[in-house]
Structure formats: structure tokens, C-alpha cells
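User: I would like to learn how to read helix packing and a loop residue in a model. Please take me through one case.

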Amino acid sequence: MRILIALMGVGALAFAACQSSSKPTESLEKSFEQARLAEDYNTAVSLLTQIATDDTASDWALDTLAFYQYFYQVTPGMVRNTKTPMYWVDKALNKKPGNAFLLDMKAKLHLEEGKDTQSLAIFTELYQRSQDYTYYWDIAFIETARGNAPMADSMIAEAFKSADIASKTVRLENLQARVREEVPANAAFLYLNALIYNGRGDMMKAAEALQEALKIKPDFYAAQKGIYDLQRAAAQQMPQRR
């Protein structure tokens with residue numbers, strides 16, 4: 001009888017321990033969901049950090065924390081320290097090597113750091129693996145940023161020759177504005193064309209390319225902002241009235 005009572009006592013303690021260890025995480029997850037819905041990203045990151053550092057945490061917490069650090073922890077107009085988001089992206093990749101979602105963030109963080117060669121290598125691997133136009137666009141964008149306009153021109157021309165470009169999409173982001181959008185691939189490559197024309201100082205052709213992109217997708221944020229930036233630049237170049 002004493003043995004039975006002792007065993008029941010041990011079982012009760014084990015149950016209580018399980019309950020006490022699961023309830024805090026469950027409570028944190030509920031709090032995170034509330035912060036997410038309220039778009040309180042700083043609080044959400046703090047809660048995710050507590051959840052993700054728990055040894056019993058699910059992979060979703062680590063992946064989500066990596067994304068929140070990458071996408072939401074950006075101060076408009078400021079250059080950020082990429083070490084924190086890179087730390088969490090790498091930590092998540094240790095559990096999920098080769099995960100495209102995480103590798104995409106890692107490549108973009110490399111680009112923020114000015115490590116275009118490392119970024120290009122990741123995007124090339126992702127494109128070869130998936131044939132996703134998003135990664136092809138990213139490769140062409142890097143070539144544009146490098147000043148390798150002939151290579152970018154060639155890539156864009158190849159994209160427009162593709163028979164299925166009208167049915168493909170490209171995922172784009174603007175971290176400063178916290179905008180993520182999925183746009184038709186032809187509109188995305190027209191936008192990239194506009195960047196090349198603008199880099200050459202041909203604002204008229206840049207504007208035309210952006211207008212063509214907006215005809216395809218009128219709410220294309222990057223193209224809308226491109227038009228606004230061109231208009232502002234043109235206004236600044238006009239001679240001041242005396």
C-alpha cells in the first residue's frame with residue numbers, strides 16, 4: 001500500500017511538472033498571437049525569442065523568429081546590424097539545412113552586408129533547384145546592382161522570350177516599407193528594366209518601363225514608388241524660378 005501511494009505521489013509530481021513546463025510556452029504562444037494580430041512586432045519578437053529558446057519549442061517558432069528578425073526589425077532610413085537576424089536564420093538552418101525560405105533570407109542578408117558573391121551563390125542554387133522566377137529575378141537584380149548591365153539585359157531578354165512568363169510570378173519585398181508582394185513576372189522584369197534605364201540616366205525610358213509594369217499590375221508597390229521617385233528627381237532637376 002505504501003509503495004502504491006509513493007508511486008501515485010511520483011506520478012502526481014511528474015504530471016505537475018509537465019503541466020508547469022507546458023503552460024508557460026502555451027501562454028507565450030497565445031501572447032505572441034495577440035501581438036501578431038495587433039502588429040506589435042517588437043513584442044512579438046520578444047515573445048518568439050522566449051519560445052524559440054525553449055528546448056521543447058516547435059520548429060515554427062524558430063523559423064518565425066528568423067523571419068520577424070529579418071523582415072520587421074528594420075528602422076526606416078537606417079542601416080541595421082544584420083548579425084541578429086543572421087544568427088536566427090543560421091540557427092533555423094541548422095535544423096532545416098537547404099530550406100528555401102530560410103536560404104532566401106540568408107541570401108538577402110548577405111546582400112545587405114555587401115556580400116553579393118555569397119548572395120549570388122545561394123540564389124543560383126535556389127534557381128537551379130526550383131526554376132522559380134523569383135530567384136532568377138534576384139540574380140538579375142544582383143547583376144544590375146553590380147553595374148553589370150549587359151548581363152542583366154541579357155537575362156531580362158531571356159525572361160521575356162519565355163513562353164510561360166505571363167503565367168509566372170515573382171515575390172518582391174521592400175523592408176523599409178514592410179511590403180511583400182507577389183507580382184506577374186513580366187511586370188517584375190519591366191521594373192528591373194526601369195532600374196537599369198535609371199542607372200544609365202535615361203529617366204524617360206525608366207518611366208515608360210514602370211508605366212508598362214503598372215498596366216499589368218496597377219497596385220505594384222515597387223513600380224508606384226519608382227514613378228514617385230522619378231517625379232521627385234525630375235522636379236529637383238528643374239531650374240528654380242527667380
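User: How are α3 and α5 oriented to each other, roughly parallel or roughly antiparallel?

Analyst: Keep in mind that this is a predicted model. Angles under 35 degrees count as roughly parallel. Helix α5 covers residues 100-112, and α3 packs with α5 at an angle of about 25°, so α3 and α5 are roughly parallel to each other. Their axes lie 11 Å apart, and the crossing of α3 past α5 is left-handed.

User: Which residues of α3 and α5 meet?

Analyst: From α3 come D63, A66, F67 and Y70; from α5 come F101, L102, M105, K108, L109 and E112. Sorted by class, this contact has seven nonpolar and three charged residues, and no polar ones.

User: At what angle do α2 and α3 pack?

Analyst: Helix α2, residues 41-52, packs with α3 at about 145°, with the axes 9 Å apart. This crossing is left-handed. Residues of α2 in the contact include Y41, V45 and L48, and those of α3 include W60, L62 and Y68. By class, the contact of α2 with α3 has 11 nonpolar, three polar and no charged residues.

User: Where is V74, and is V74 buried or exposed?

Analyst: V74 sits in the loop between α3 (59-71) and α4 (83-95). Buried means under 20% relative accessible area. V74 has 9% relative accessibility, so V74 counts as buried.

User: What is V74 in contact with, leaving aside its neighbours within four places in sequence?

Analyst: The contacts are R80, L175, Q176 and R178. R178 is 104 residues from V74 along the chain, yet their C-alpha atoms are separated by 8.6 Å.

How values were computed. Residues are numbered from 1 along each chain as its sequence is written. This is a predicted model: local features need pLDDT of at least 70, side-chain atom pairs count only at pLDDT 80 or more; totals for chains, interfaces and linings use all residues. Side-chain values use heavy atoms; hydrogens and water are left out. Helices (H or I, at least four residues) and strands (E, at least two) are DSSP runs, numbered from the N terminus. Buried means under 20% relative accessible area, exposed over 50%, partly exposed in between (1.4 Å probe, protein chains only). Contact means heavy atoms within 4.5 Å. Axes are lines fitted to C-alpha atoms, for helices over the stretch in contact, and angles run from 0 to 180 degrees between N-to-C directions. Angles under 35 degrees count as roughly parallel, over 145 as roughly antiparallel, 65 to 115 as roughly perpendicular and the rest as oblique. A crossing is left-handed if the near helix is turned anticlockwise from the far one by less than a right angle, and right-handed if clockwise. Ala, Val, Leu, Ile, Met, Phe, Trp, Tyr, Cys and Pro count as nonpolar, Asp, Glu, Lys and Arg as charged, and the others, Gly among them, as polar.
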